[in-house]
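Welcome to this tour. Keep your viewer open, and we will go from one selection to the next, looking around at each stop.

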Amino acid sequence: MSDPLAQARPEARPAGGVPRRLAAPLGALAAVAAAFAVVGAVDPNEPGHYPVCPLLHLTGVYCPACGGLRSAHALAHGDLTAALGANALAVAGFAACAVFWAVWFGRAARGRRTPGPRPRAVHRWALGGLLLAFTVVRNLPFGSGLAP
């Protein structure tokens, strides 16, 4: 007789060997590495390579993502100071993604299932509030240090 709880446990090992379990995390890493390689090779500081931010172009207001490509370009070249100067929030986002990827990879290597993130409403509101506060502060005179 099979144990019905064993089938419902989230720690049950997924089917397939180590290469199959690591395919998704390694594929995601390859995609991110390719994106950073492109941004590292094609300088966003030179006009004409990437589209202009529509919000900045139409209103002169920096959105939360303004400077994100310049930040990624600086990180691709190992310049953390320039990356933080271009968009500190993007650098924090890149770091958070790296931590989430490392957890995903580690769990996949050990054969454990990794459920996707399940943010609660409070987490979504907090993230929205952070993005709004970052946007407002970087567009005010005293927050000019956060502007790209």
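Start by selecting G145, which lies in the segment after helix 6. Is G145 buried or exposed? Colour it and look: G145 is exposed, because its relative accessible area is 63%. G145 and L84 are 61 residues apart in sequence, and their C-alpha atoms are 10.0 Å apart in space.

**Step back to the whole chain**

Zoom out and switch to a cartoon view. Please keep in mind that this is a predicted model. The chain has 6 helices and 0 strands, so following the sequence you will read the pattern α-α-α-α-α-α. Of the 148 residues of the chain, 20% count as buried.

Next, select helix 2 (residues 18-41) and helix 4 (residues 68-76), and give each its own colour. Their axes are 8 Å apart, and the helices pack at an angle of about 95°. That angle makes helix 2 roughly perpendicular to helix 4. Show side chains where the two helices meet: F36, V39 and G40 come from helix 2, and L69, A72, H73, L75 and A76 come from helix 4. Which classes of residue make this contact? There are 6 nonpolar and 2 polar residues, and no charged residues.

**Inside helix 4**

Stay with helix 4 and pick out G68, S71, A72, H73 and A74, which are buried. What covers the buried residues of helix 4? The cover includes helix 2 and helix 5.

Now centre the view on S71, found in helix 4. S71 counts as buried because its relative accessible area is 0%. Leaving aside residues up to four places away in sequence, S71 touches A83, A86, N87, A90, V91 and F94. Select these partners together to see what surrounds S71.

**The largest pocket**

Rolling a probe the size of a water molecule over the atoms shows where empty space is left. The largest pocket holds about 560 Å³ of space. Which residues lie nearest its centre? Select G93, A96, C97, F100 and L127, which are the nearest among the 22 residues that line the pocket. Helix 5 (80-109) and helix 6 (121-138) are the elements that give two or more residues to this lining. Helix 5 gives the most, with 9 residues. Colour the lining by class, and you will find 15 nonpolar, 6 polar and 1 charged residues.

**Last stop: V103**

V103 counts as partly exposed because its relative accessible area is 45%, a value between the 20% and 50% cut-offs. V103 and T114 are 11 residues apart along the chain, and the separation of their C-alpha atoms is 8.5 Å.

Note on methods
Residues are numbered from 1 along each chain as its sequence is written. This is a predicted model: local features need pLDDT of at least 70, side-chain atom pairs count only at pLDDT 80 or more; totals for chains, interfaces and linings use all residues. Side-chain values use heavy atoms; hydrogens and water are left out. On a 1 Å grid over the protein atoms alone, a cavity is a set of points where a 1.4 Å probe fits but cannot get out, and a pocket is an open set with protein on both sides within 12 Å along at least five of seven lines; lining residues have an atom within 4 Å of a point. Grid points are joined across faces, edges and corners, and a volume is the space filled by probe spheres set on the points. Helices (H or I, at least four residues) and strands (E, at least two) are DSSP runs, numbered from the N terminus. Ala, Val, Leu, Ile, Met, Phe, Trp, Tyr, Cys and Pro count as nonpolar, Asp, Glu, Lys and Arg as charged, and the others, Gly among them, as polar. Axes are lines fitted to C-alpha atoms, for helices over the stretch in contact, and angles run from 0 to 180 degrees between N-to-C directions. Angles under 35 degrees count as roughly parallel, over 145 as roughly antiparallel, 65 to 115 as roughly perpendicular and the rest as oblique. Contact means heavy atoms within 4.5 Å. Buried means under 20% relative accessible area, exposed over 50%, partly exposed in between (1.4 Å probe, protein chains only).
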